[in-house]
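Subject: Structure handover

Hello,

Here is the structure for your files. My notes on what was found in it follow below.

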Amino acid sequence: MSNKKVLALICISITVVIWGLSFISIKISVQVVPPMTLALLRFLLASLLLFTWLRVKEPGARMKRKDIPRTLLGGAVGITAYFFFENNGVKLITASEASIIIGIIPVVGLLAESLFFRKKLSFIQIVSVILSFGGVLLVAGAKVFPAAGAGVNTAGYLFMVGAVLAWVVYNFLTRPLHREYTNLAISCYQTLWGTLLLVPLSLFEFRLWQPIPVNVVFHIVYLGLLSSALGYFFYIFSLKVLGVTINMLFINVIPVVTVVAGLIILGETLSPLQMAGGGMILSAVVLSVNRPSRVCT
């Protein structure tokens, strides 16, 4: 195995840990900082680092005028809307549950391609779709359905489903841009737009603003610099070296990291039904991406 591949494996492993722990940081931070204000603070830091990196790596990078509307819309959906749903969702349910539900994004993407782009699903992909949605029903249903736990607010789960849909839409919006721009340029400009759009939403929360404790400041810095910026750097490098399939198999471990961290740091627990649902979702995503001959790298 080459040194470059070993380095890529190390990078994707670190990324999995960073992104898995990000749900813990959101859960802790959102108890003190309002959801949209948290997103704004996080992406102000990320925007600064991404823009600096873009100027160093691609000093001549510019977005063409014709692509600005799509870039703006991508930032609005992939940053502003996604983190509206995710931060509000994580505030209402456990970090573990939120991470597991986010894990169905690849499978929902497959289903969307089939419904809107007439891409035929294989038998294995159909099984993965059924498994993933059955898993979500178990994860959420164990606390929502009266038979398992009456009086539980379903809003948190609905917010997380909204985050899943926002990210799938974002991927479709962004896809045409990859023909003309690098991943770094696309991410940078969409992050800048998304951050700008977070400003008015954050101002609506000004009555909820309060002094931020030092430990929460640490979590915000972690989310902005490590999760949104450094994790992205590592992910892109490993994607180029290892390819989509191997990267996605590593990314599937993120909910496991979150569940373990939630247990150790936050004292969260999952019921047997929820653990079974999480296993179904993990299995579904592995089935949906483990098709080397049909994956573009």
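This is a predicted model, in which local features need pLDDT of at least 70 and side-chain atom pairs count only at pLDDT 80 or more, while totals for chains, interfaces and linings use all residues. Residues are numbered from 1 along each chain as its sequence is written, and side-chain values use heavy atoms, with hydrogens and water left out.

Overall fold. The protein chain has twelve helices and zero strands; helices (H or I, at least four residues) and strands (E, at least two) are DSSP runs, numbered from the N terminus. Of its 297 residues, 49% count as buried (buried is under 20% relative accessible area, exposed over 50%, partly exposed in between, with a 1.4 Å probe and protein chains only).

Second largest pocket. Its volume is about 240 Å³. A pocket here is an open set of points on a 1 Å grid over the protein atoms alone, where a 1.4 Å probe fits, with protein on both sides within 12 Å along at least five of seven lines; lining residues have an atom within 4 Å of a point. Grid points are joined across faces, edges and corners, and the volume is the space filled by probe spheres set on the points. The lining consists of W53, K57, E58, T182, N183, L184, Y232, F233, F234, I236, F237 and K240. Helices α2 (35–57), α8 (183–203) and α9 (214–242) each supply at least two of the lining residues, and α9 gives the most, with six. By type, the lining has seven nonpolar, two polar and three charged residues (Ala, Val, Leu, Ile, Met, Phe, Trp, Tyr, Cys and Pro count as nonpolar, Asp, Glu, Lys and Arg as charged, and the others, Gly among them, as polar).

Nonpolar patch. V253, V256, V260, L263, I264, I265, L266, L282 and V286 make a nonpolar surface patch of about 720 Å². The elements giving two or more residues to this patch are α11 (254–266) and α12 (272–289), with α11 giving the most, six residues. Patch residues have over 30% relative accessible area and no salt bridge, and nonpolar side chains (Val, Leu, Ile, Met, Phe, Trp, Tyr) are joined within 5 Å. Areas come from the Shrake-Rupley method with a 1.4 Å probe, and for residues only the protein chains shown count as cover. A salt bridge is a side-chain nitrogen of Lys or Arg within 4 Å of a carboxyl oxygen of Asp or Glu. V286 is in helix α12 and is partly exposed, at 31% relative accessible area.

N171. This residue is in helix α7 (residues 155–174) and is partly exposed, at 34%.

Regards

Note on methods: Patches are made of residues with over 30% relative accessible area and no salt bridge: like charges are joined within 9 Å, nonpolar side chains (Val, Leu, Ile, Met, Phe, Trp, Tyr) within 5 Å.
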